[in-house]
Amino acid sequence: MTTAFFTHPACLEHDTGQGHPERPQRLEAVLLALDEPEFGKLERREAPQAELSHITRVHDKAYASNLLARVPQRGWMALDGDTLMSAGSGEAALRAAGAMVAAVDLVLKNGAANAFCGVRPPGHHAESDMAMGFCLFNNVAIGAAHACAAHGLKRVAIIDFDVHHGNGTQHMFEHDAQIFYASTHQMPLYPGTGARGEKGVGNVCNAPLPPFAGSDEFRDAYEEIVLPALDRFRPELIMISAGFDAHRADPLASLELEAEDFGWVTERLCEMAKVHCGGRLVSTLEGGYDLEALAESSAAHVAALLAAKI
């Protein structure tokens with residue numbers, strides 16, 4: 001088995017307007033990086049559209065329906081000061097969520113060792129009833145809920161190394177002991193959540209990092225806080241919110257990571273997946289706004305997935 005890669009051209013049609021950091025060129029950079037010969041063994045698959053029933057496992061039905069109904073036929077619709085929709089946004093959001101559902105199905109049915117979803121818009125800021133932070137639907141949360149509802153899993157772990165805390169993911173699951181959520185992120189920074197004291201029902205593990213923290217602090221947070229907590233949880237599936245905006249070149253934050261750090265943490269999470277869940281791991285793209293850094297970091301992430309030994 002190899003690594004599956006889910007994407008769809010519709011994810012490039014989510015147009016956020018001139019000057020917006022969450023732009024189609026982000027996904028183009030990832031696709032170009034993964035077109036190199038070293039990624040020839042990726043099993044490339046088309047992301048399907050999620051069903052409304054998949055989305056409403058974590059989002060209010062009225063919110064999901066109204067969001068799709070508000071997609072403009074032309075121009076832009078502003079949902080908040082940062083989050084916009086264009087004519088292509090509805091299908092893009094459904095494909096991004098559907099990629100996670102399909103990836104979970106494939107990996108849990110042993111059709112692939114692990115999977116990466118190269119999709120946009122991102123998802124981890126989306127709340128159950130509100131879009132925010134460039135996010136429309138919470139893709140990783142939809143995938144985790146599907147793993148439990150459709151496959152009967154009782155312990156699903158979500159690890160989030162985006163530089164911004166995944167407030168939406170935490171809020172959706174902080175009272176659900178079946179889902180473990182761990183995040184390393186810069187603090188203080190948008191959205192202002194993710195303090196160490198936020199523990200849910202014992203299933204939330206936040207390891208905030210101060211501005212200008214680098215590789216040593218990031219790796220220590222995993223070795224000393226996140227990985228031990230994940231090991232105690234004994235997941236049946238590991239999911240990753242793979243944001244690459246903690247890179248030192250990223251314009252929206254001030255952590256000091258390198259592409260190699262994302263490769264390292266992916267290796268460690270793959271090792272944990274091998275110990276607890278037969279290597280089963282599903283990852284999805286979140287942030288990352290410097291195109292060169294995003295390309296290098298996503299390539300390091302996927303290379304580690306490909307190299308994982310089951």
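This is a predicted model: local features need pLDDT of at least 70, side-chain atom pairs count only at pLDDT 80 or more; totals for chains, interfaces and linings use all residues.
Visitor: What makes Glu43 and Arg45 a salt bridge?

Guide: A salt bridge is a side-chain nitrogen of Lys or Arg within 4 Å of a carboxyl oxygen of Asp or Glu. In Glu43 and Arg45 the closest N and O atoms are 2.5 Å apart. That is within 4 Å, so the pair is a salt bridge. Side chains of opposite charge can pair when their charged atoms come close.

Visitor: Why is Glu43 called partly exposed?

Guide: Buried means under 20% relative accessible area, exposed means over 50%, and partly exposed lies in between (1.4 Å probe, protein chains only). Glu43 has 24%, so Glu43 is partly exposed.

Visitor: How many salt bridges does a search of the whole structure find?

Guide: The search finds 9. One of them joins Glu258 and Arg248, with the closest N and O atoms 2.5 Å apart. This pair links distant parts of the chain, 10 residues apart. Both Glu258 and Arg248 sit in the loop between strand E9 (237-242) and helix H8 (259-277). Helices (H or I, at least four residues) and strands (E, at least two) are DSSP runs, numbered from the N terminus. Glu258 is partly exposed at 31%. Arg248 is partly exposed at 44%.

Visitor: What separates Arg268 and Glu271 in helix H8?

Guide: About one helical turn, because they are 3 residues apart in helix H8. Glu271 is partly exposed at 41%. Elsewhere, salt bridges that share partners join Glu22, Arg26 and Arg120 into one network.

Visitor: What makes Asp216, Glu217, Asp220 and Glu224 a patch of negative charge?

Guide: Patches are made of residues with over 30% relative accessible area and no salt bridge. Like charges are joined within 9 Å, and nonpolar side chains (Val, Leu, Ile, Met, Phe, Trp, Tyr) within 5 Å. Lys and Arg count as positive, Asp and Glu as negative; His and the chain ends are not counted. The place of a charge is NZ of Lys, CZ of Arg, CG of Asp or CD of Glu. Accessible areas come from the Shrake-Rupley method with a 1.4 Å probe; for residues, only the protein chains shown count as cover. Asp216, Glu217, Asp220 and Glu224 gather in such a patch on the surface. Take Glu217, in helix H7 (residues 215-233). Glu217 has 38%, which is over 30%, so its area meets the patch cut-off.

Visitor: How do you know that Cys11 is in no disulfide?

Guide: A disulfide is a pair of cysteine sulfur atoms within 2.5 Å. A search of the whole structure finds 0 disulfides. For Cys11, the nearest cysteine sulfur, that of Cys117, is 9.5 Å away. That is not within 2.5 Å, so Cys11 is in no disulfide. Cys11 is also buried, at 0%. For Cys277, the nearest cysteine sulfur is that of Cys270, 9.8 Å away, and Cys277 is in no disulfide either. Cys277 is buried at 5%.

Visitor: Is Phe134 buried or exposed?

Guide: At 13%, Phe134 is under 20%, so Phe134 is buried. Phe134 is in the loop between E5 and H5. Its phi is near 75 degrees, a positive value in a residue other than glycine.

Visitor: What makes Phe212 exposed?

Guide: Its relative accessible area is 60%, which is over 50%, so Phe212 is exposed. Phe212 is in the loop between E8 and H7. Its phi is also near 75 degrees, again positive. Most residues other than glycine have a negative phi, and most peptide bonds are trans.

Visitor: Where are the cis peptide bonds?

Guide: One joins Arg120 and Pro121, with omega about 5 degrees. Another joins Met187 and Pro188, with omega about 5 degrees. Pro121 is in the loop between E5 and H5. Pro188 is in the loop between strand E7 (179-186) and strand E8 (204-209).

Note on methods: Residues are numbered from 1 along each chain as its sequence is written. Side-chain values use heavy atoms; hydrogens and water are left out.
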